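Keep the structure in view while reading.

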Amino acid sequence: MDWTLEVVILPVRDLDSAVEFYRDKVGFDLDHRTTNEHMDVAQLTPRGSGCSIVVGTLPSQQEMAAGSMRGLQLVVADADAAREELVSRGVECSEVTVFDERDGGTFFGFADPDGNTWAVQQLKVRGEKPLIPLDHRGRFGADA
């Protein structure tokens with residue numbers, strides 16, 4: 001049996017600001033925004049990922065302090081290019097650091113406006129072998 005991690009609840013202060021940051025600056029796809037008498041949430045997915053973040057007013061989010069998540073990790077094929085893309089969109093990032101010359105040993109980081117922190121790891125193999133093949137990326141009616 002497969003056990004897949006597909007959603008991480010991310011505590012934020014303001015849903016609209018979080019959606020703007022993750023969609024417009026970081027480049028995550030907005031899968032949906034659901035507002036009703038029970039909740040006001042948004043689900044966003046990094047392009048090529050099988051795991052999304054959910055921000056908003058779910059009870060589990062209300063139990064965590066906004067900005068309390070540390071070291072969530074994204075993986076990219078080229079750390080320098082990814083950092084340059086984020087910086088060009090106004091995201092403050094640390095410098096790229098090589099901890100180990102082997103694939104997987106290069107990182108940089110950033111934080112969202114609430115202080116949730118992200119590590120970005122370079123795995124060059126993702127450029128050749130994406131985790132989710134391009135022809136399997138049509139979730140929620142969106143194209144790759």
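A polar contact is a pair of N or O atoms within 3.5 Å, and within protein one atom must be able to donate a hydrogen and the other to accept it. The model shown here is predicted. In it, D78 caps the N-terminal end of α3, with a side-chain oxygen 3.1 Å from the backbone nitrogen of D80. After α3 comes G90, whose phi is positive, near 95 degrees.

**The helix α3**

Which residues of α3 are buried? They are A79, A82, R83 and L86. Seen down the axis of α3, these buried residues fall within an arc of 100 degrees, so they line one face of the helix. An α-helix has 3.6 residues a turn, so residues three or four places apart point the same way. On the other side of α3, D80, E84 and S88 are exposed. The buried residues of α3 are covered by elements that include α1, β5, β7 and β8.

**The open sheet**

Four strands form an open sheet with mixed pairing, in the order β1-β4-β3-β2. Its edge strands, β1 (7-9) and β2 (29-35), each pair on one side only. On average, neighbouring strands of this sheet are turned by 20 degrees against each other, direction ignored. Between β1 and β4 the pairing is parallel and runs over three bridges. V8 stands opposite I53 in β4. The helix α1 lies across β2, β3 and β4, and runs at about 10 degrees to β3.

**The nonpolar core**

The largest nonpolar core has 28 residues, and Y22, V55, F110 and W118 touch the most other members.

What does V55 touch, not counting residues up to four places away in sequence? Its contacts are L10, V12, L15, A18, V19, D40, V41, A42, L44 and Q61.

Terms used
Residues are numbered from 1 along each chain as its sequence is written. This is a predicted model: local features need pLDDT of at least 70, side-chain atom pairs count only at pLDDT 80 or more; totals for chains, interfaces and linings use all residues. Side-chain values use heavy atoms; hydrogens and water are left out. A nonpolar core is a set of buried Ala, Val, Leu, Ile, Met, Phe, Trp, Tyr and Cys residues joined through side-chain atoms within 4.5 Å. Buried means under 20% relative accessible area, exposed over 50%, partly exposed in between (1.4 Å probe, protein chains only). Contact means heavy atoms within 4.5 Å. Helices (H or I, at least four residues) and strands (E, at least two) are DSSP runs, numbered from the N terminus. The arc is that of the directions from the helix axis to the C-beta atoms. Two strands pair if DSSP finds at least two bridges between them. Axes are lines fitted to C-alpha atoms, for helices over the stretch in contact, and angles run from 0 to 180 degrees between N-to-C directions.
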